[in-house]
Amino acid sequence: MNSSNKNFISDFFKIFSDVNTGFNFSNLGYLPRWMILMLDVFIVVFSGVITFLLFKGLKLSYIPNQYLVFAILFYLTINVFFFWIYRTYSGIIRHSSYIDALKIFFSQFSTFVVIIVFNFIVILFDKQKVYLTTGAFINAILSFSLLFFYRIIVKQTFERFFSETANVKKIHAIIYGSDANATAVANALKAEIPSRFNLLGFIDKNNQNSTKRILNLPIFQIKKSIPVLMRSKKVEALIIADKSLTKEERLTIVEECIEFGFKVYTLPLVSDWDDQKEISKNIKNFEIQDLLERKPIVLDTKSISSKLNGKSILVTGAAGSIGSEIVRQVLNFSPKKIIILDQAETPLHSLSLEIIGMNQNIDVINCIADIRDFNVLEKIFNQYKPDVVYHAAAYKHVPMMEENPSQAIFTNVIGTKNVADLSNKYHVERFVMVSTDKAVNPSSIMGASKRIAEMYVQSKHFKHKKLNSERYTKFITTRFGNVLGSNGSVVPLFTKQIQEGGPITITHPEIIRYFMTIPEACQLVLEACSMGNGGEIYIFDMGKPVKIIDLAKKMIRLAGFIPDKDISIKIVGLRPGEKLYEELLNDSAKNLATHHEKIMVAVEVCDVFDVVNKQIEELSEIASKGNVDKLVSKMKTMVPEFKSLNSIYQTLDIEVKESYVYTK
């Protein structure tokens with residue numbers, strides 16, 4: 001039995017659950033109920049008169065004259081009695097539904113049955129009927145029709161002229177799809193309060209049902225294109241409810257619509273197609289994430305669960321966009337406890353409240369700490385003994401680190417070293433570092449600092465594996481590009497600029513970036529953690545690169561504006577350290593495939609740990625003294641492929657090169 005049948009049966013029996021065995025007219029105390037009862041009585045009297053006159057015109061006697069007064073009183077009494085039994089007067093007419101229709105039907109059916117039984121009893125004693133059976137049947141049908149009809153009239157009148165949204169401009173929309181899902185969406189939108197859409201019809205992609213109607217709305221044929229159809233029907237928006245569309249078909253439809261200024265709405269996965277409230281609340285604007293959407297990632301949940309289930313997990317940078325999503329996804333694998341660490345108090349508190357709201361039976365420990373403080377970190381490691389560490393804490397804004405290179409070293413390099421050293425000291429099973437594609441052939445302080453951190457983590461793994469082949473921490477690095485919606489990314493920035501009326505600022509018309517969503521990136525981090533044996537630098541399939549100017553134009557159109565007309569686009573020039581395009585591999589590196597199609601291993605030259613460790617100690621000492629030029633020169637020595645772009649440190653590239661040649 002499907003859920004809709006179950007709901008029908010439960011609603012049917014609920015009709016009888018409201019029966020009040022203590023009949024008392026004071027229970028009708030509210031004036032609207034009295035008015036409804038009086039209207040219902042008037043209707044049945046009117047239908048009785050019509051029935052009487054109808055049969056009189058046919059020279060037939062509906063009620064014999066000698067029983068007329070008694071018959072009228074009896075008829076009214078049993079009608080009022082069954083109105084009370086089924087509580088037909090208790091509903092608010094403007095919200096009438098099929099349940100009210102059922103109540104009216106059963107009240108009139110019951111009245112008809114009582115009249116038939118009463119007729120049979122009277123015949124036994126008087127050999128004559130009080131009511132003509134055919135007349136009683138017609139009267140019951142007429143009464144039901146009029147009682148239900150006037151409720152529909154009131155409902156429609158109220159919705160059209162007196163509802164809160166009657167004078168609110170609704171969006172004229174059509175639904176793409178003509179199957180059961182599309183019908184469910186239409187029903188949900190019609191029942192929505194306040195109503196947002198005025199539905200004008202449906203689109204059948206196969207053009208097979210153009211002569212039919214759904215919910216009394218037409219099914220349109222696509223003769224030329226969807227935008228042409230929408231313009232001809234004066235439609236403002238398209239609601240995509242067809243689940244059979246492929247990703248390519250969906251994106252083509254969206255691209256066509258936003259190109260011509262039409263709004264597009266989409267419907268994410270709905271768990272219950274019978275729940276109209278769930279359907280209507282899930283209908284949302286088509287967002288830029290949807291346009292860049294790729295196939296869903298299939299995770300090896302069994303492998304991930306074996307690494308996380310019942311374990312103690314530490315997440316650094318847990319209050320950030322990546323760290324917080326890692327926390328959410330780790331919770332799905334039932335760890336014993338999760339230690340969320342960050343120096344930002346308010347975001348960490350918000351994340352803690354969110355986790356508590358999930359009703360997870362997991363011990364959550366909040367740690368406000370700075371990864372640069374080794375002593376504080378050691379107390380945390382010593383107290384909670386984490387089994388797995390996800391290291392997501394870092395400074396990531398390129399222009400900010402160009403101005404503050406010492407801070408990039410203290411946090412991205414020394415901070416990573418602290419967490420890695422303690423992970424090894426306290427026998428953490430797996431250490432996963434979240435890196436960036438900006439570490440590849442770096443052109444900025446931030447990218448170079450992350451590359452140095454990668455070098456330390458990778459070299460540390462191989463040293464300790466060699467020293468202790470049985471028990472050692474598996475150090476794993478994950479490297480991916482820009483994440484849509486993360487703190488400081490272009491999407492929130494562009495959204496804010498569009499809301500403010502523009503302009504949208506872009507550094508260069510040819511700049512391109514790789515993008516993935518936050519959940520997608522974190523899913524791959526978890527997958528890499530489970531598959532890694534240590535020492536790997538995993539790179540993720542970022543899909544096709546996207547021109548930032550095209551991204552901006554799409555976002556403007558999705559917001560309902562016209563690029564360079566309603567919202568202007570301003571080119572402001574490349575920022576210090578910024579590339580036109582990012583890479584996932586160094587010039588000298590190659591990648592190897594893994595069993596997961598979206599994860600590869602970057603084969604990088606791994607330096608000797610003792611050399612890297614000594615160089616980092618020198619970096620730390622230089623950073624502490626504040627000699628910026630010497631610090632950046634040292635970074636360029638450690639990472640020979642580090643070439644500054646659009647930066648005051650470009651002159652140091654030549655000096656480092658000359659120094660390198662002289663030393664050699």
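The dialogue below goes from the whole chain to its helices, loops and cysteines.

Modeller: This is a predicted model, in which local features need pLDDT of at least 70 and side-chain atom pairs count only at pLDDT 80 or more, while totals for chains, interfaces and linings use all residues. Residues are numbered from 1 along each chain as its sequence is written, and side-chain values use heavy atoms, with hydrogens and water left out.

Colleague: How many helices and strands does the protein chain have?

Modeller: Helices (H or I, at least four residues) and strands (E, at least two) are DSSP runs, numbered from the N terminus. The protein chain has 23 helices and 22 strands. Of its 664 residues, 48% count as buried; buried means under 20% relative accessible area, exposed over 50%, and partly exposed in between (1.4 Å probe, protein chains only). Contact means heavy atoms within 4.5 Å. Among contacts between residues at least 6 apart in sequence, 75% join residues at least 24 apart.

Colleague: How is the packing of two helices described?

Modeller: Two packed helices are described by the angle between their axes and by the distance between the axes. Axes are lines fitted to C-alpha atoms, for helices over the stretch in contact, and angles run from 0 to 180 degrees between N-to-C directions. Angles under 35 degrees count as roughly parallel, over 145 as roughly antiparallel, 65 to 115 as roughly perpendicular and the rest as oblique. Helix 12 (residues 321-331) and helix 13 (residues 345-357) pack at about 20°, with their axes 11 Å apart, and are therefore roughly parallel. Ser324, Val327, Arg328 and Leu331 of helix 12 make the contact with Leu351, Glu354 and Ile355 of helix 13. These residues divide into 4 nonpolar, 1 polar and 2 charged. Here Ala, Val, Leu, Ile, Met, Phe, Trp, Tyr, Cys and Pro count as nonpolar, Asp, Glu, Lys and Arg as charged, and the others, Gly among them, as polar.

Colleague: At what angle do helix 16 and helix 22 cross?

Modeller: The axes of helix 16 (residues 405-425) and helix 22 (residues 628-638) cross at roughly 50° and come within 9 Å, so the two helices are oblique to each other. Pro405, Ser406 and Ile409 in helix 16 meet Val628, Leu631, Val632 and Met635 in helix 22. That contact comprises 6 nonpolar residues, 1 polar and no charged.

Colleague: Why is helix 20 described as largely enclosed?

Modeller: In helix 20 (residues 548-558), 8 of the 11 residues are buried, so the helix is largely enclosed by the rest of the structure. The buried residues include Ile548, Leu551, Met555 and Arg557. Glycine 560, with a positive phi near 90°, follows helix 20.

Colleague: Which backbone features should be read in the loops?

Modeller: One is a positive phi in a residue other than glycine, as in asparagine 441, where phi is near 40°. Asparagine 441 lies in the loop between strand 12 (430-436) and helix 17 (445-467) and counts as buried at 10% relative accessibility. Asparagine 646 has a positive phi near 50°, but is partly exposed, with a relative accessible area of 39%. Another feature is the cis peptide bond from glycine 502 to proline 503, with omega near 0°. Proline 503 lies in the loop between helix 18 (490-499) and strand 15 (504-506).

Colleague: How many disulfides are found?

Modeller: A disulfide is a covalent bond between the sulfur atoms of two cysteines. A search of the whole structure for such pairs (cysteine sulfur atoms within 2.5 Å) finds 0 disulfides. Cysteine 257 is buried, with a relative accessible area of 0%, and cysteine 367 counts as buried at 7%.
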